[in-house]
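The following note sets out points on the model shown below. They are arranged by region, with the conventions stated where they are needed.

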Amino acid sequence: MAILPWQQRGYQSTAGRILGLLRRGPVTVDELAEALAVSGNAVRQQLALLERDGLLQRSGLRRGSSKPAQTYALSPGAELLFSRAYAPVLTQLLHVLAGRLPAVELDTLMREVARGLTADRPRPAGTTRERAEAGSALLNDLGGLAEVEERDGRLLIRGAGCPLAAATHHHPEACNAVGSLLSEYVGLPLRQCCERADRPRCCFELGEG
């Protein structure tokens with residue numbers, strides 16, 4: 001996921017504080033303006049940006065002194081920005097599964113996960129290059145910042161980062177999980193060439209179908 005402008009400014013920015021207030025429940029522009037000690041126009045400007053980024057939604061109307069006031073609430077996906085539990089829980093889950101399941105069973109399990117994650121996404125067809133580009137796009141959607149490269153006549157999906165970086169440094173089975181997901185999606189075998197040093201980076205070499 002790309003870093004949004006309000007994240008660059010921090011959670012203490014006006015937009016970040018608005019999101020914090022929205023976590024408590026739907027609020028109106030006037031309520032936000034009073035809580036933040038800013039003007040209504042300043043609040044509306046931030047709300048428009050947050051709505052554009054898909055972080056909030058209009059949730060209804062609240063009776064006011066003169067006319068009903070629009071209320072705003074967090075979008076269903078916005079809560080993910082505040083949780084710190086996903087990475088450690090996923091890391092430990094993969095570690096436990098890798099310790100209990102043979103590699104082939106873990107790979108099969110991750111392929112089932114891949115089918116669920118990509119159920120609503122058309123499977124790529126065409127040349128190996130076209131499938132590689134589709135796999136790169138999927139990895140980007142997961143936060144991998146990937147692109148397709150060619151090396152010695154082979155195509156690579158290489159990321160500038162890793163969507164499971166919190167797990168891959170100590171648990172290489174997390175790379176297997178990403179590789180299984182990509183392989184299932186593009187319909188081609190993949191070979192890992194990931195970097196797991198201080199800054200993990202995805203790298204998968206595509207085989208022929």
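1. Strands β6 and β7 (residues 203–206) run antiparallel and are joined by three bridges. Helices (H or I, at least four residues) and strands (E, at least two) are DSSP runs, numbered from the N terminus, and two strands pair if DSSP finds at least two bridges between them. R191 has E205 of β7 as its bridge partner. This is a predicted model, in which local features need pLDDT of at least 70 and side-chain atom pairs count only at pLDDT 80 or more, while totals for chains, interfaces and linings use all residues. Residues are numbered from 1 along each chain as its sequence is written, and side-chain values use heavy atoms, with hydrogens and water left out.

2. β5 and β7 also run antiparallel, joined by three bridges; here R158 has C203 of β7 as its bridge partner. Within β7, C203 and E205 point one way, F204 and L206 point the other way, and all are buried. Buried means under 20% relative accessible area, exposed over 50%, and partly exposed in between (1.4 Å probe, protein chains only).

3. These strands belong to an open sheet of four strands, in the order β4-β5-β7-β6, with antiparallel pairing. β4 (146–151) and β6 (190–192) are the edge strands, each pairing on one side only. From one strand to the next, the twist averages 30 degrees. Helix α7 packs on this sheet, where it touches β4, β5 (154–159) and β7, and its direction makes about 145 degrees with that of β4. Contact means heavy atoms within 4.5 Å; axes are lines fitted to C-alpha atoms, for helices over the stretch in contact, and angles run from 0 to 180 degrees between N-to-C directions.

4. How far apart are the end C-alpha atoms of helix α7? They are 20 Å apart, which agrees with the 20 Å that the 14 residues of α7 (residues 128–141) should span at 1.5 Å a residue. The expected span of a helix is 1.5 Å times one less than its number of residues. T128, A132, A134, G135, S136, L138 and L139 are the buried residues of α7. G143 follows the helix and has a positive phi, near 100 degrees.

5. A second open sheet has three strands in the order β1-β3-β2, again with antiparallel pairing. Its edge strands are β1 (27–28) and β2 (56–62), each of which pairs on one side only. β1 and β3 (residues 69–74) run antiparallel and are joined by two bridges, and V27 stands opposite Y72 in β3. Helix α2 packs on this sheet and touches β1, β2 and β3, its direction making about 90 degrees with that of β3.

6. R58 lies in strand β2. Apart from its neighbours within four places in sequence, R58 is in contact with E51, Q70, T71 and Y72. The C-alpha atoms of R58 and L74 are separated by 8.7 Å, the two residues being 16 residues apart along the chain.

7. In helix α2 (residues 14–22), the buried residues are A15, G16, I18, L19 and L22. Seen down the axis of α2, they fall within an arc of 160 degrees, so they line one face of the helix. The arc is that of the directions from the helix axis to the C-beta atoms.

8. α2 and helix α4 (residues 40–52) pack with their axes 10 Å apart and at an angle of about 80 degrees. That makes α2 roughly perpendicular to α4; angles under 35 degrees count as roughly parallel, over 145 as roughly antiparallel, 65 to 115 as roughly perpendicular and the rest as oblique. T14, A15, I18 and L19 of α2 make the contact with V43, Q46, L47 and L50 of α4.

9. Which residues of α4 are buried? They are G40, V43, Q46, L47 and L50. These residues cover an arc of only 125 degrees around the axis, which puts them on the same side of α4. N41, Q45 and R52 are exposed on the other side of α4. The helix has 13 residues and reaches 18 Å from its first C-alpha to its last, close to the 18 Å expected at 1.5 Å a residue. G54 follows α4, with a positive phi near 75 degrees.

10. Overall, the protein chain contains nine helices and seven strands. Of its 209 residues, 39% count as buried. Among contacts between residues at least 6 apart in sequence, 50% join residues at least 24 apart.
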